Amino acid sequence: MDLKNVRNIGIIAHIDAGKTTTSERILFYTGKNYKIGEVHEGEATMDWMEQERERGITITSAATQCMWKSKFKGVDTTTVINLIDTPGHVDFTAEVERSLRVLDGGVAVFDGSQGVEPQSETVWRQADKYAVPRLAFVNKMDKIGGDFYMSLQSIHERLSKNAVAIQLPVGAESDFKAIIDLINEEMVTFEGEHGEKHVHHPVPDDMKEEVKKYRAIMMEKAAEGAGEELMDKFLTNGTLTKEELLDALRQGTVAGKTFPVLCGSSLKNMGVQLVLDAVVNFLPNPFDAPPVKGVNPDTDKEEERKPDNNEPLAALAFKIATDPFVGRLIFVRVYSGVLKSGSYVVNTRTGNKERIGRLVRLHANNRTEIDQIEAGDIGAVIGLKDTRTGDSLSAEDHPIRLESITFAEPVISLAIEPKTKADQEKMGMALQKLVEEDPTLRVRSDEETGQTILAGMGELHLDIIMDRMRREFKVESNSGKPQVAYRETIQKSVDHEEKYIKQTGGRGQYGHVLFTVYPQEPGKGYEFENSVVGGRIPREFISPCDKGFQEGLSRGVVAGFPMVDIKVELTDGSSHDVDSSEMAYKICSSIGIQAACRKAEPVLLEPIMKVEIVCPEDYFGDVMGDISARRGLIKDTGSRGMAKTVLADVPLAAMFGYATELRSMSQGRASYSMEPSHYAKVSKNVADEVIAARQGGK
């Protein structure tokens with residue numbers, strides 16, 4: 001397989017922009033499917049989980065491989081496309097995050113009647129974080145309110161000034177009938193039962209002026225994003241040839257300086273083949289991406305690996321799925337070398353050797369066995385025991401630890417218990433598998449109540465986890481009401497001295513510390529500084545002090561929630577030749593920090609969500625009033641097409657059940673999306689309620 005003809009791409013977008021519909025069309029046109037699966041009929045191939053089909057949303061990223069025949073630089077080429085369809089719902093951002101980490105390019109899909117929606121911004125920023133080159137596809141041009149120019153404007157305003165239209169629509173809404181290709185200056189129509197034939201026509205007379213105007217903008221933007229050579233040609237000649245223009249667009253897109261914008265309607269089978277052509281022409285192959293960097297765990301020095309089969313193996317496990325027939329499936333992206341079945345690899349997180357069992361290529365949830373996965377390719381491994389999301393797999397004699405993937409902290413939790421004794425064991429197994437699959441899901445036992453606490457990214461996230469336990473693992477369970485993940489912090493600096501002395505006949509316990517606690521800015525977390533001089537506390541007891549402080553901060557002094565954003569400076573102390581021990585200093589520090597925090601004006605913090613609501617003007621007043629009643633702070637209001645938008649910061653505690661209330665308030669015509677924003681101080685009356693509820697629950 002020639003790596004030049006491989007594209008690893010993902011489809012990213014806001015919920016309901018039409019990602020899965022677009023993916024289904026791609027699979028149909030590339031000959032992978034013989035029938036188009038429709039999301040609204042619950043038939044989509046890529047949405048293979050039952051919950052996905054019922055709800056019409058994507059929950060897990062599905063990975064598949066297909067082939068597309070097209071021209072690349074004027075030559076007929078067959079390109080291998082590894083396609084990952086990612087979820088759009090904010091509760092599943094981990095799925096998007098880990099998919100972007102291993103992709104070389106992305107197609108961002110937008111709803112042509114809405115333009116840039118809040119989740120589109122989130123996924124766009126995630127793609128920026130991993131420097132993923134992307135195309136924009138303005139979908140749903142046939143929908144009421146479908147407006148390409150408004151969508152393009154909103155991409156310029158909210159995402160990037162470097163987005164450039166390489167197509168224009170002919171007609172809008174129900175009159176949308178063709179696409180103008182600005183590069184080739186022609187009109188393309190889609191004929192046949194599924195729009196499989198695309199027919200080329202000259203540009204209609206009434207659009208010639210517009211085509212001229214947008215083609216000039218495209219030429220200039222393409223030259224700006226390209227290398228010096230093409231920029232000089234453009235400045236000298238005032239124009240570029242078609243080949244130079246394609247080259248300039250490719251250079252700019254691969255470098256992340258240009259984002260080509262296309263248009264169409266996936267549902268009406270218009271424009272998807274042109275998106276595939278653009279993927280081949282403008283998005284990078286594994287050679288175009290910079291060599292992957294990592295750290296050699298033996299020397300701690302940075303090394304890099306080029307996408308080449310002859311280099312030592314470096315691969316990243318980016319997703320784990322539980323398959324009812326074969327057990328654990330581990331999705332891997334091979335960056336260099338060749339991963340062969342039957343070979344041994346080293347997991348650089350654990351340092352352990354693992355044997356690669358079987359290798360498979362996936363199409364949603366169907367599998368084909370293969371012998372090897374080459375550099376630059378994506379596949380799945382069956383038979384790895386101790387591999388988690390974000391682990392690096394490398395050759396035994398050339399270990400490398402690639403940058404792992406970071407995930408957001410959960411903001412919501414609920415207590416669950418098995419219905420019967422038989423369910424108890426099954427529940428433990430089911431939760432273990434689900435936590436392996438989903439890094440944003442946390443499970444812990446509450447020591448005081450003995451309950452199992454499940455924490456996740458939102459109500460929908462936890463709802464689906466409960467549903468999966470019932471269907472996939474046949475575990476019946478009851479759940480409590482969702483609980484908010486509160487935190488605590490302090491508001492002023494305090495000096496404190498703590499002595500821990502115990503005499504119990506024979507050897508005693510002696511620990512003595514002096515320290516200062518400081519409040520830190522939000523999001524800074526815990527910090528420890530050792531300023532002890534002259535060996536007043538022996539060196540081997542400094543680390544136990546640090547551990548003791550952290551242990552003390554895990555139980556807050558206001559209502560028992562973890563304490564965050566606190567710096568501890570250990571300044572002095574003393575020791576006893578016989579009685580001092582690691583345990584004594586750990587206990588001393590733990591007791592001391594709790595006492596210090598009580599004096600440092602402790603407060604309760606709650607998670608605040610960034611909420612965006614889109615509603616018809618008739619219900620605008622009701623929606624605003626309701627947000628204020630939920631202790632929300634309205635940040636901004638605006639219009640999008642015919643609808644009004646409200647951007648607000650609202651405490652998560654006030655958002656439970658909001659979806660149902662918003663629907664009934666607006667006769668089902670308003671929609672909203674929310675994502676975690678920050679933690680903020682809780683007002684006294686709310687704090688009193690939370691504290692009373694905590695004490696009542698014990």
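In this tour, a residue is called buried when its relative accessible area is under 20%, exposed when it is over 50%, and partly exposed in between (1.4 Å probe, protein chains only). The model is predicted, so local features need pLDDT of at least 70 and side-chain atom pairs count only at pLDDT 80 or more, while totals for chains, interfaces and linings use all residues. Residues are numbered from 1 along each chain as its sequence is written, and side-chain values use heavy atoms, with hydrogens and water left out.

**Stop 1: aromatic pairs**

Select F528 to begin. F528 is partly exposed, at 23% relative accessible area.

Rings of Phe, Tyr and Trp (its six-membered ring) pair if their centres lie within 6.5 Å; planes under 30 degrees apart count as stacked, over 60 as edge-to-face and the rest as tilted. How many aromatic pairs does this rule give? The count is nine.

Select Y149 and Y214 next. Their ring centres are 5.7 Å apart and the planes are at 45 degrees, so this pair is tilted. Helices (H or I, at least four residues) and strands (E, at least two) are DSSP runs, numbered from the N terminus. Y149 belongs to helix α5 (residues 148-158) and Y214 to helix α6 (residues 208-225), so the pair ties together parts that are 65 residues apart in sequence. Y149 is partly exposed at 28% relative accessibility, whereas Y214 is buried at 15%.

Go back to F528 and F549. They form a tilted aromatic pair, with 6.0 Å from centre to centre and 45 degrees between the planes. F528 is in strand β33 (residues 527-530) and F549 in helix α12 (residues 542-553), so the pair links distant parts of the chain, 21 residues apart.

**Stop 2: a cluster and two charges**

Select F110, W124 and F259, which form one aromatic cluster. A charge sits over a ring if NZ of Lys or CZ of Arg is within 6 Å of the ring centre and within 35 degrees of the ring normal. R134 lies over the face of W124, 4.4 Å from the ring centre. For another case, select K567 and Y518: K567 lies over the face of Y518, at 5.8 Å from the ring centre.

**Stop 3**

Two strands pair if DSSP finds at least two bridges between them. Select β13, β12 and β24, which form an open sheet in the order β13-β12-β24, with antiparallel pairing. Which strands are at the edges? They are β13 (302-305) and β24 (401-402), and each pairs on one side only. Strand β12 (residues 292-295) pairs with β13 in the antiparallel sense over four bridges.

**Stop 4: strand β35**

Select residues 602-616, which make up strand β35. Of its 15 residues, 13 are buried, so the strand is largely enclosed by the rest of the structure.

Next, show the strands that pair with β35:

- Strand β30 (residues 487-490) pairs with β35 in the antiparallel sense over four bridges; I490 stands opposite P602 in β35.
- Strand β38 (residues 671-681) pairs with β35 in the antiparallel sense over ten bridges; the bridge partner of K610 in β38 is E675.
- Strand β37 (residues 643-651) runs antiparallel to β35 and is joined to it by nine bridges; the bridge partner of E612 in β37 is L647.

**Stop 5: cysteines**

Select C263 and C615. C263 is buried at 0% relative accessibility, and C615 is buried at 1%. How many disulfides does the model have? With a disulfide taken as a pair of cysteine sulfur atoms within 2.5 Å, the count is zero.

**Stop 6: two buried residues**

Select L245, in helix α8 (residues 242-254). L245 is buried, with a relative accessible area of 0%. Contact means heavy atoms within 4.5 Å. Not counting residues up to four places away in sequence, L245 touches I183, R215, M218, M219, A222 and L240.

Finish at E354, in strand β18 (residues 352-355). Is E354 buried or exposed? E354 is buried, at 7% relative accessible area. Leaving aside neighbours within four places in sequence, its contacts include S343, Y344, L384 and T387.
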